[in-house]
Amino acid sequence: KYYIHFIPYFANLFAPLFIFISVVFFTSKLASNSEIIAIFNSGMSFKRFLRPFILSSILLAILSFLLSNFIIPISNNHRINFEENYLSDKKKIMKNNINIQLSVDEYLYIEGYNTNRNIGYRFSLEKIKDSKLVSKIRANIIQWDNKKKEWILKNYQKRIFLENGENILIKKDTTKINLKLSPSDFVFHLNLAERMNLIELNENILKEEKMSSGRAKFYKIEKHKRIAFPFAIIILTLIAVSVSSKKIKGGIGYNLGLGLLISFSYIMFFQFSSTFSINGNLEPWI
């Protein structure tokens, strides 16, 4: 079952490279047999020669777009579930220094969050109005009640700041708090975006941007990757025809070698740009 869902993901991931190499091989074979020379001598232009390649690449690009945005995310869900259950390292269960902007004037902070027990430590919630602190809630522990579907605060303190400079302190051993969050909002998996279709990606980008959690870029990278890959099929097809349509001494071997060099350069630059976008300031669309 794992490999049934594993194969479509990697087949689509490397589709531009498979298509690129196949076009190089096919066109080089035509060139080495002098068939392209005969085609051009008959009066056909290079643009007309390109037409079937371009039409085929557009058809494959549309297919790749539909697969990556609507079909493969369903398959990825099964694949990632298997990997998380049997292949992933589960030792790291603590998430540290979680900052979330709940609204325009509310900011949440949790120093540490245990993903297995759904318990957060050293919780604070600040409300700000006109650049002034209005109230601040603190608690040693915030815990999710799975039965009642609500958050419980322990060692609760709420300080309300008045306009005259005074403040009011409210203390409770235990209280519940209404947060528009669930335990999944405190835990983020890098491969979570791979489970989502295009509509879900757009919804989560808007949600994370409102929360200012800094996680929107992960969804944006996945979204732009899915948009770029179909165009990569068309672009790499054009390059493949261009580098292999002339008859040269090196023959098919030279063209395939050049094709592989361009292909791996494409992968290398893609990985570099993704890393710079996640860890630096490079825009995801770039």
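Asp130 is exposed, with a relative accessible area of 67%, where exposed denotes over 50% relative accessible area, buried under 20% and partly exposed the range in between (1.4 Å probe, protein chains only). The model is a predicted one, in which local features require pLDDT of at least 70 and side-chain atom pairs count only at pLDDT 80 or more, while totals for chains, interfaces and linings use all residues. Residues are numbered from 1 along each chain as its sequence is written, and side-chain values rest on heavy atoms, with hydrogens and water left out.

Asp130 is located in the loop between strand S3 (119–129) and S4; helices (H or I, at least four residues) and strands (E, at least two) are DSSP runs, numbered from the N terminus. Asp130 is not a glycine, yet its phi is positive, at about 55°. Ser131 is found in the loop between S3 and S4 as well, and this residue, also other than glycine, has a positive phi near 65°. Most residues other than glycine have a negative phi. With 75% relative accessibility, Ser131 counts as exposed.

Ser135 belongs to strand S4 (residues 132–145). Its relative accessible area is 11%, so Ser135 is buried. Beyond its neighbours within four places in sequence, Ser135 is in contact (heavy atoms within 4.5 Å) with Leu125, Glu126, Lys127, Lys158, Arg159, Ile160 and Phe161. Asn114, in strand S2 (residues 106–114), is likewise buried, at 8% relative accessibility. The C-alpha atoms of Asn114 and Leu198 are 30 Å apart in space, and the two residues are 84 apart in sequence.

The protein as a whole contains seven helices and six strands. From the N terminus on, its elements follow the order α-α-α-α-β-β-β-β-β-β-α-α-α. The radius of gyration of the protein is 27 Å, well over the 19 Å that the globule rule gives for 286 residues, so the protein is more spread out than a compact globule. The radius is taken over C-alpha atoms, and the globule rule is 2.2 Å times the number of residues to the power 0.38. Along the principal axes, the C-alpha trace spans about 90 × 45 × 30 Å. Of the 286 residues, 36% are buried. Among contacts between residues at least 6 apart in sequence, 54% join residues at least 24 apart.

Grid points are joined across faces, edges and corners, and a volume is the space filled by probe spheres set on the points. The count comes to one cavity of 30 Å³ or more. About 150 Å³ of space lies in the largest cavity, whose lining includes Tyr9, Ser68, Glu194 and Lys225. Helix H1 (2–13), helix H4 (46–86) and helix H6 (216–244) are the elements that give two or more residues to this lining.

The second largest pocket has a volume of about 480 Å³. Its lining comprises 21 residues, of which Glu194, Lys225, Phe270, Gln271 and Ser274 lie nearest its centre. The largest share of this lining, seven residues, comes from H7.

Technical notes:
On a 1 Å grid over the protein atoms alone, a cavity is a set of points where a 1.4 Å probe fits but cannot get out, and a pocket is an open set with protein on both sides within 12 Å along at least five of seven lines; lining residues have an atom within 4 Å of a point.
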